[in-house]
Amino acid sequence: NIREAARGILNEAYTDKVSYMEFSCCPILHTRKGLTMEQVVDFLIDEVNKFSQNGHKDMLVKIVLLANIAVLSPIQVHEIAELCVNYMAKNDTVVGFMTCSREIMGEYFRYYEKTFQYLRANHVPVTIFAGEKETESVHYALVSGYARRIAGGFKITQNENLLNEITSHHITVLITTNSYRSESLIKNWHKSPARLMKDL
């Protein structure tokens with residue numbers, strides 16, 4: 001099922017003329033029926049390699065390991081971080097670590113600090129979901145989580161100082177939106193060139 005889903009996503013993106021894709025997956029969520037996290041990642045890497053070898057070299061695909069903060073414990077999040085470091089050391093298909101689904105508020109960030117310090121020490125690019133309900137979570141993501149990118153960031157525009165900090169440091173904010181402005185920018189595209197597909 002994992003292989004079939006990966007093939008379907010890759011083929012759909014190729015049909016839509018996507019040139020670069022970061023395929024995100026939360027491997028621990030696929031271990032309930034006897035698979036290990038390593039097997040899940042190996043399946044994805046194999047499918048990405050087969051895809052590239054079968055005449056799709058004009059679409060670059062990389063894998064980002066995802067930690068769903070809403071359903072995983074801090075210990076499980078750290079396990080995914082360790083997996084990410086191990087795979088980045090042995091191949092160039094896995095390229096980063098990302099959190100999703102829930103922002104980490106200040107009082108809870110201490111449970112994740114060792115994980116983000118570990119990722120930083122191993123030079124892993126980190127994307128943290130923040131700014132959903134509180135702008136404070138963006139500050140924690142940047143300062144204590146060493147995030148290079150922010151996912152979500154819905155509240156960033158409500159704080160002028162934070163918005164200035166994000167823009168002056170060239171921090172990327174990953175968003176999905178159907179606003180009039182974004183729709184007008186891509187009105188001549190068959191499908192949106194910017195899509196965020198996450199395995200939650």
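This is a predicted model: local features need pLDDT of at least 70, side-chain atom pairs count only at pLDDT 80 or more; totals for chains, interfaces and linings use all residues.
Residues are numbered from 1 along each chain as its sequence is written, and side-chain values use heavy atoms, with hydrogens and water left out.

Let's start with the overall layout. The chain has eight helices and six strands; these are DSSP runs, with helices being H or I of at least four residues and strands E of at least two, numbered from the N terminus. Reading from the N terminus, the order is α-β-α-β-α-β-α-α-β-α-β-α-β-α. Of the 200 residues in the chain, 41% are buried, where buried means under 20% relative accessible area, exposed over 50%, and partly exposed in between, with a 1.4 Å probe and protein chains only. If we take contacts (heavy atoms within 4.5 Å) between residues at least 6 apart in sequence, 65% of them join residues at least 24 apart.

Now to the helix pair. Two packed helices are described by the angle between their axes and the distance between the axes. Here, helix α3 (residues 74–90) and helix α5 (residues 113–121) have axes that come within 9 Å and cross at roughly 5 degrees. The axes are lines fitted to C-alpha atoms, for helices over the stretch in contact, and angles run from 0 to 180 degrees between N-to-C directions. So α3 and α5 are roughly parallel to each other; angles under 35 degrees count as roughly parallel, over 145 as roughly antiparallel, 65 to 115 as roughly perpendicular and the rest as oblique. From α3, the contact uses Pro74, Val77, His78, Ala81, Glu82 and Val85, and from α5 it uses Lys114, Thr115, Tyr118 and Leu119.

Staying in α3, we also find Glu79. Glu79 is partly exposed, at 34% relative accessibility. Leaving aside residues up to four places away in sequence, Glu79 touches Ile28 and Met37. Met37 is 42 residues from Glu79 along the chain, and their C-alpha atoms are 9.4 Å apart.

On to the rings. How many aromatic pairs does a search of the whole structure find? There are five, counting rings of Phe, Tyr and Trp (its six-membered ring) with centres within 6.5 Å; planes under 30 degrees apart count as stacked, over 60 as edge-to-face and the rest as tilted. One is Phe97 with Phe116: the ring centres are 6.4 Å apart and the planes are at 75 degrees, so the pair is edge-to-face. Phe97 belongs to strand β3 (residues 94–100) and Phe116 to helix α5, 19 residues apart, so this pair links distant parts of the chain. Both Phe97 and Phe116 are buried. Ring pairs also join Phe97, Phe109, Phe116 and Tyr140 into a cluster.

Last, some backbone angles to look at. Most residues other than glycine have a negative phi. His123, though not a glycine, has a positive phi of about 60 degrees. His123 sits in the loop between α5 and β4 (126–130), and is exposed, with a relative accessible area of 62%. Tyr146 also has a positive phi, near 55 degrees. Tyr146 is in the loop between α6 (136–143) and β5 (149–152), and is partly exposed at 27% relative accessible area.
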